[in-house]
Amino acid sequence: MVRGKTVIKRIDDTTSRQVTFSKRKSGLFKKAKELGILCDAQVGVVLFSNTGRLYEYSNSRMKSIVERYQEVMEGQQFMSASAEAKFWKAEGARLEQQLHNLQENNRQLLGQHLSGLGLEDLKNLENQLEMSLHNVRLTKEQLMIDEIEEFNKKGSLVHQENIELHKKLNMIRQENEDLQNKLNMRVQVNGENTSSSFDQYNIATPEDVIAIQELSQPHPAARDEQPESPTLRL
């Protein structure tokens, strides 16, 4: 019968978990004992259960194993700290020398401290300066080209915006002209309607009213003539 593979995960059942702990603890201590016998090793195993109970096994005194462990760990920490201090000391010296070289190179690039240089060193310095100047000029030219392209892009955008604004302005002017034409036509139509209304209903104009008033008044000569009084004859 093939034994199934055990899944390593926490056992939820308390009884099963306790049984498994007891079996595995015995197996672990057995393996530790066999390791000490077969390999002539000093073995110490310390185990705490989930309830806090201590279990231990050693093929010699547990105290001596713990003391030996502490001595080894302290020695390793001391050696580690010492090695780390040496490393950082060497690293600091290296960085200090590198800084000194950079400062000296910078002075030489500025034309200082050249007395100790030979002909070959001076040629190398000259080549380095020419290369640096060449790189500076290339960078400058590239920046100028980038700025010109940026200005051209902005100019194109401004030109396009001007075209759009002119189009909008022409549309607004056309709309204003259309509105003015409509208004003129409406005024003309209203004038014609008013004139036809006067003719249809014989509405007197102001001139007609003045003429009627003049005709209705008596003539001055007729107003001065008095009628003769009749004479009574006897």
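Colleague: Which residue takes a positive phi in the hairpin of S1 and S2?
Modeller: Gly52 does, near 95 degrees, in a hairpin with 5 residues between the strands. This is a predicted model: local features need pLDDT of at least 70, side-chain atom pairs count only at pLDDT 80 or more, and totals for chains, interfaces and linings use all residues. Residues are numbered from 1 along each chain as its sequence is written, and side-chain values use heavy atoms, without hydrogens and water.

Colleague: How do you know that S1 and S2 pair?
Modeller: Pairing requires that DSSP finds at least two bridges between two strands. S1 (residues 44-48) and S2 have 5, in the antiparallel sense. Val45 stands opposite Tyr57 in S2.

Colleague: What makes Arg94 and Glu91 a salt bridge?
Modeller: The term needs a side-chain nitrogen of Lys or Arg within 4 Å of a carboxyl oxygen of Asp or Glu. Here the N to O distance is 2.5 Å, so the pair qualifies. Arg94 and Glu91 are 3 residues apart in helix H2 (residues 62-109), and therefore about one helical turn separates them.

Colleague: Why is Arg10 called exposed?
Modeller: Exposed means over 50% relative accessible area, buried under 20%, partly exposed in between (1.4 Å probe, protein chains only). Arg10 has 59%, so it counts as exposed. Asp12 has 64%, so Asp12 is exposed too. The side chains of Arg10 and Asp12 meet in a salt bridge at 3.5 Å, N to O.

Colleague: And why is Glu149 only partly exposed?
Modeller: Its relative accessibility is 42%, so Glu149 counts as partly exposed.

Notes: Helices (H or I, at least four residues) and strands (E, at least two) are DSSP runs, numbered from the N terminus.
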